[in-house]
Amino acid sequence: MEKRGRGAKPAAPAATPPAQAAPKKERRPSMFEKEAYAQILRERLRESFHDVQYVEPPFDDSIADIGKEWKSALAKLKFANSYRMEPLKKFQAHSVEIKVQQILKESLKDVKYDDKVFSHLSLELADRILSAVKEFGYHRYKFIIKILFIQKTGQAINIASRWIWDVAWDSWVEAKHETESYVALALVFALYCE
């Protein structure tokens with residue numbers, strides 16, 4: 001037992017174990033190892049806005065150009081402002097209307113009215129129409145496709161849409177397919193993004 005108080009000598013400190021050497025840093029894997037490639041990319045891009053899931057590195061004999069290929073695989077395309085205020089190719093409603101009408105006729109040729117079937121069919125039609133409209137090659141246009149199926153029960157219906165848009169470049173198309181039991185209406189809105 002230790003005495004504490006006046007004149008008491010301070011207790012000697014207990015023996016401390018010898019300082020351990022700092023652990024060696026693991027050697028970073030080579031960038032030419034297939035498994036290490038994604039890890040190296042994550043380390044390099046930790047502070048950036050990219051999120052690297054996995055990039056397959058090119059393994060071939062052209063080692064000299066390998067850095068360029070890796071950089072091009074990571075880069076997102078960035079374009080300089082063109083300050084173009086009008087489209088290269090203006091939206092031509094007539095040609096799009098013919099194509100949409102053709103898609104409606106082909107898809108709804110022998111279809112009877114069924115609200116459960118039409119919920120899935122409207123999504124498929126919208127996707128088909130969107131891909132067909134994109135094939136026309138209208139650059140910088142965004143498209144909104146609206147498909148309506150209306151059962152014929154002797155009622156009248158009014159459909160209205162309101163948009164804020166540029167009258168010079170934005171447009172819309174309507175295509176209709178009518179049978180004994182229903183009316184299918186496809187609306188395509190083309191909005192030019194400067």
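**View 1. Ser-181 is partly exposed in this predicted model, at 27% relative accessibility.** (Partly exposed lies between buried, under 20% relative accessible area, and exposed, over 50%, with a 1.4 Å probe and protein chains only.) Residues are numbered from 1 along each chain as its sequence is written, and side-chain values use heavy atoms, without hydrogens and water. Because the model is predicted, local features need pLDDT of at least 70 and side-chain atom pairs count only at pLDDT 80 or more, while totals for chains, interfaces and linings use all residues. Ser-181 sits in the loop between β2 and β3, the latter spanning 182–192. (Helices, H or I, at least four residues, and strands, E, at least two, are DSSP runs numbered from the N terminus.) Which residues does Ser-181 touch, leaving aside those up to four places away in sequence? They are Tyr-113, Ile-150, Gln-151 and Lys-152. (Contact means heavy atoms within 4.5 Å.) Thr-153 lies 28 residues from Ser-181 along the chain, and the two C-alpha atoms are separated by 8.0 Å.

**View 2. Lys-152 and Glu-178 join their side chains in a salt bridge.** The distance from N to O is 2.8 Å. (A salt bridge puts a side-chain nitrogen of Lys or Arg within 4 Å of a carboxyl oxygen of Asp or Glu.) This pair ties together distant parts of the chain, 26 residues apart. Lys-152 belongs to the loop between β1 (141–151) and β2 (171–178). Glu-178 belongs to strand β2 itself. Lys-152 is partly exposed, at 35% relative accessibility. Glu-178 is also partly exposed, with a relative accessible area of 45%.

**View 3. Glu-106 and Arg-128 form a salt bridge.** Here the side chains meet at 3.6 Å, N to O. The two residues come from distant parts of the chain, 22 residues apart. Glu-106 is in helix α3 (residues 93–107), and Arg-128 is in helix α4 (residues 115–134). Are these residues buried or partly exposed? Glu-106 is partly exposed at 45% relative accessibility. Arg-128 is partly exposed at 39%. By the salt-bridge rule, the count comes to two.

**View 4. Helices α3 and α4 pack at an angle of about 145 degrees.** Their axes are 10 Å apart. (Axes are lines fitted to C-alpha atoms, for helices over the stretch in contact; angles run from 0 to 180 degrees between N-to-C directions.) The crossing of α3 past α4 is right-handed. (In a right-handed crossing the near helix is turned clockwise from the far one by less than a right angle; anticlockwise is left-handed.) On the α3 side, the contact uses Val-96, Lys-99, Val-100, Ile-103, Leu-104, Glu-106 and Ser-107. On the α4 side, Leu-125, Arg-128, Ile-129, Ala-132 and Val-133 take part. The contact residues comprise eight nonpolar, one polar and three charged. The salt-bridge partners Glu-106 and Arg-128 are both among the contact residues.

**View 5. Arg-140 has a positive phi of about 65 degrees, although it is not a glycine.** Arg-140 is located in the loop between α4 and β1. Arg-140 is partly exposed, at 34% relative accessibility. Gly-137 is placed in the loop between α4 and β1 too. Gly-137 is partly exposed, with a relative accessible area of 26%. How far is Gly-137 from Leu-88 in space? The separation is 10.0 Å, C-alpha to C-alpha, for residues 49 apart in sequence.

**View 6. The protein has four helices and three strands.** From the N terminus, the elements run α-α-α-α-β-β-β. Of the 194 residues, 26% are buried. Among contacts between residues at least 6 apart in sequence, 63% join residues at least 24 apart. The protein exposes about 15,600 Å², and carbon and sulfur atoms supply 53% of that area. (Accessible areas come from the Shrake-Rupley method with a 1.4 Å probe.)

Definitions and conventions
Ala, Val, Leu, Ile, Met, Phe, Trp, Tyr, Cys and Pro count as nonpolar, Asp, Glu, Lys and Arg as charged, and the others, Gly among them, as polar.
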